[in-house]
Structures are given as structure tokens and as C-alpha cells.
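Subject: Structure for your files

Hello,

Here is the structure I said I would pass on. My notes on it follow below.

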Amino acid sequence: MDRNEVLLVGRLSAGVEEHSLPSGDTVAKWRIIVRRRRNRRGATLTDSIPCVTFDPETAATVRGLKPRDYMEVTGSFRCRVFGPSAAKIWRYEVEVSSARPYEADVPLPDDLPDNPTHSTHGSLAALIPRQVAYLAPAS
């Protein structure tokens with residue numbers, strides 16, 4: 001069975017932009033910044049993921065947040081095609097069905113539990129990868 005479900009927890013990058021459509025609907029657009037795992041050089045990379053909603057309640061929730069506030073969004077991944085047939089533009093975004101502020105402290109790596117069965121649901125600790133010792137290949 002096919003599934004298209006997205007759950008993101010990250011920071012709001014900037015304020016929400018709203019656009020009226022010819023149909024009379026309003027679309028709210030914003031970006032959420034999500035950290036990736038650290039790369040081999042120790043740098044932390046981020047992704048800026050475009051999000052949209054047509055739901056006025058969800059848009060109001062996001063408008064109530066300030067840039068850099070943590071938030072959790074759920075929705076579906078969408079591919080939208082714009083422009084004339086000779087010059088199509090493909091855009092990927094998350095169509096958000098619900099959004100909420102994410103109230104959690106960001107723990108330091110030393111504060112993370114070593115027990116993999118320890119439940120950290122509802123906190124950012126569950127999203128931060130545990131550090132693993134590098135294993136050199138045997139010669």
C-alpha cells in the first residue's frame with residue numbers, strides 16, 4: 001500500500017507568506033530548517049524545506065510563531081509543475097495538514113541516554129544521532 005506521510009521537526013526560517021489564488025483560496029508558504037547528521041568533517045548541515053498549507057487554522061498556527069522557533073509539521077510530499085509547456089518548472093514541497101510549536105530543550109550530546117530502549121518521544125533528544133566510535137578497517 002502506498003503512503004505519503006511527512007513528519008518534520010525543525011525551526012521556522014522566516015515569517016509566513018500568504019498568497020491569494022484565482023480560486024479565492026489563500027495559500028500560506030514558509031520554510032522549515034532541519035539539521036542533518038554531522039558529516040565526517042564535523043560540520044552540521046541543514047536542509048531548508050518549503051512548506052505550504054491551504055488550511056486557515058494551520059496557517060494561523062504558523063503565523064503565531066517567530067522565526068527560529070521550533071515547530072513540528074505533518075503532511076504530504078508534493079511535486080507541483082508550473083509554467084508554460086515549453087518551460088515547465090518542477091517544485092517539491094510539503095503540503096502541511098497540521099503544525100504546532102515544539103516546546104523542548106535541545107540536550108547536549110553528553111546528556112543523551114546510552115540506553116537505546118530509553119523512551120525520548122516528544123523531545124529533540126530522539127532526533128539527535130548518537131555518537132558512534134569510528135572503527136578502522138582491520139588490516
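Which side chain does Arg-100 meet in a salt bridge? The side chain of Glu-72 does, with N to O at 3.1 Å; a salt bridge here is a side-chain nitrogen of Lys or Arg within 4 Å of a carboxyl oxygen of Asp or Glu. The pair links distant parts of the chain, with Arg-100 in strand E6 and Glu-72 in strand E5, 28 residues apart. Strands (E, at least two residues) are DSSP runs numbered from the N terminus. Glu-72 is buried at 17% relative accessible area, while Arg-100 is partly exposed at 40%. Buried means under 20% relative accessible area, exposed over 50%, and partly exposed in between (1.4 Å probe, protein chains only).

Before the rest, two notes on the source. This is a predicted model, in which local features need pLDDT of at least 70 and side-chain atom pairs count only at pLDDT 80 or more, whereas totals for chains, interfaces and linings use all residues. Residues are numbered from 1 along each chain as its sequence is written, and side-chain values use heavy atoms, with hydrogens and water left out.

Salt bridges. The structure holds seven of them. Glu-93 forms one with Arg-80, the closest N and O atoms being 2.4 Å apart. Glu-93 lies in strand E6 and Arg-80 in strand E5, so this pair ties together parts that are 13 residues apart in sequence. Glu-93 is buried at 11%, and Arg-80 is partly exposed at 22%. Through shared partners, salt bridges join Arg-78, Arg-80, Glu-93 and Glu-95 into one network. Arg-3 and Glu-5 also meet in a salt bridge (2.5 Å, N to O); Arg-3 is exposed at 64%, as is Glu-5 at 58%.

Strands. E5 and E6 pair in the antiparallel sense over 12 bridges; strands count as paired if DSSP finds at least two bridges between them. Phe-82 has Ile-89 in E6 as its bridge partner. The two strands form a hairpin with six residues between them, and Gly-83 in the turn has a positive phi of about 95°. E5 also runs antiparallel to strand E1 (residues 6–12), joined by six bridges. There, Leu-8 has Val-73 in E5 as its bridge partner.

Surface. Phe-77, Val-81, Trp-90 and Tyr-92 form a nonpolar patch with about 460 Å² of accessible area together. Patches take residues with over 30% relative accessible area and no salt bridge, joining like charges within 9 Å and nonpolar side chains (Val, Leu, Ile, Met, Phe, Trp, Tyr) within 5 Å. Accessible areas come from the Shrake-Rupley method with a 1.4 Å probe; for residues, only the protein chains shown count as cover.

Regards

Technical notes:
Helix = DSSP H or I, 4+ residues; strand = E, 2+ residues; numbered from the N terminus.
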